[in-house]
Amino acid sequence: MIKVVGSAGHCFQNTIQGPRMQGNLMLPVFIGCPPGKRLAFDITYTLEYNRLQNKHYFDCVHVDLEMPCFHFRDTFYPFFLIQDMATGDSGSFKGSYVLKVVGGGPNVDNIKEYSEEEIYRFNSPLDNTNSLIWTTKNTTMITKDSAFSVMSHQSLGIKWLCLENSPCYDTIPHSIFAPEFFFKVSVSNRGVDQSTYCDYQLIFLLHIHGLPLSAKRSFIILMISTSIFLSLVILYIIFCLLLPLMAKTCNILRWKIKNIITSEFYYTHSSSSRVFSSTSETRSSVSSRSSFQVVEKNKPEPEKIVKKPLT
């Protein structure tokens, strides 16, 4: 029950028809954060706005619709939604928030959680250890302890740095042309947002690709690439110089092999001919002898002449 102080006897006016209310006043009453509301990363509008502001969009080599890529050299403009899980309504979050990188790694399976000291070094604009991962494009408010930047939907975006002592510096690339890094990002409005009674906390993964290589690693890659190229050129020159000699040697080997095969064939054919001729002669001799014996056997015996004495 709500009671207005000093309202007794002043809310009604006596008339001929009886007491009548003199009027009313609508007064908004904030009763705290409704249950079921949460903060979410607005991927669709973030992609659209980033493409519009940067005049282009470079996605990863391997596209993931649930985790789109953002290029290291492009300014990053994040946007968030307030979702009501009870009613299903959603709307843009237009309050203030603090963004921190609280973890990261070269791939999703190897994400490291950073300590409080590392979180300060990687995110605080007051860091002097050359470890910043990102910075804002414009001067923004800072938290009460002057440790982190306070951002809003009107901020001019985030510029990725990955300085020398940061974990994303000189990342070993899976592909020479697309070194990448996965950041675990925390967003919170606690203590910095006066537009709502709700304290939101959101943690999500952000995929950044196209990170620059250090001078040392770039030199190593250049030397390896140059060595491979020179090796291929030298092998090509050697091949061109040795090609005539190799062709001549192949011809000689081919003729020798052909001669060996021809000689072997001739020897085999001659031996077969001799064996066949000898066999034929033997068979002819045996056949002649058999024929002769048959003839001798069938020859009639000579007539015996009997001489008779004359009388």
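This is a predicted model: local features need pLDDT of at least 70, side-chain atom pairs count only at pLDDT 80 or more; totals for chains, interfaces and linings use all residues.
Strand β1 covers residues 12–15 and strand β2 covers residues 18–21. The two strands run antiparallel to each other and are joined by four bridges. Two residues lie between β1 and β2, and the two strands form a hairpin.

The next feature is the largest pocket. Its space comes to about 360 Å³. Among the residues that line the largest pocket are F12 and M21. Strand β1 is made up of residues 12–15 and β2 of residues 18–21, so F12 belongs to β1 and M21 to β2, a strand being a run of residues. The lining also includes I2, K3, V4, S7 and C11, along with G23, N24, L25, L27 and V29. Sorted by class, the lining has eight nonpolar residues, three polar ones and one charged one.

The second largest pocket has a volume of about 250 Å³. It is lined by 16 residues, and those closest to its centre are S195, T196, Y197, C198 and Y200. Eight residues of this lining are nonpolar, five are polar and three are charged.

The salt bridges remain. The structure has three of them. In one, the side chain of K112 meets that of E118, with an N to O distance of 3.5 Å. How exposed or buried are these two partners? K112 has a relative accessible area of 46%, so it counts as partly exposed. E118 has a relative accessible area of 16% and is therefore buried, because the cut-off for buried is under 20%.

Another salt bridge joins the side chains of K184 and E113, at 2.4 Å from N to O. This pair connects distant parts of the chain, 71 residues apart: K184 sits in strand β13 (residues 180–188) and E113 in strand β8 (residues 112–113). E113 is partly exposed, because its relative accessibility is 47%.

A further salt bridge is formed by D199 and R190, whose closest N and O atoms are 3.9 Å apart.

Note on methods: Residues are numbered from 1 along each chain as its sequence is written. Side-chain values use heavy atoms; hydrogens and water are left out. On a 1 Å grid over the protein atoms alone, a cavity is a set of points where a 1.4 Å probe fits but cannot get out, and a pocket is an open set with protein on both sides within 12 Å along at least five of seven lines; lining residues have an atom within 4 Å of a point. Grid points are joined across faces, edges and corners, and a volume is the space filled by probe spheres set on the points. Ala, Val, Leu, Ile, Met, Phe, Trp, Tyr, Cys and Pro count as nonpolar, Asp, Glu, Lys and Arg as charged, and the others, Gly among them, as polar. Two strands pair if DSSP finds at least two bridges between them. A salt bridge is a side-chain nitrogen of Lys or Arg within 4 Å of a carboxyl oxygen of Asp or Glu. Buried means under 20% relative accessible area, exposed over 50%, partly exposed in between (1.4 Å probe, protein chains only).
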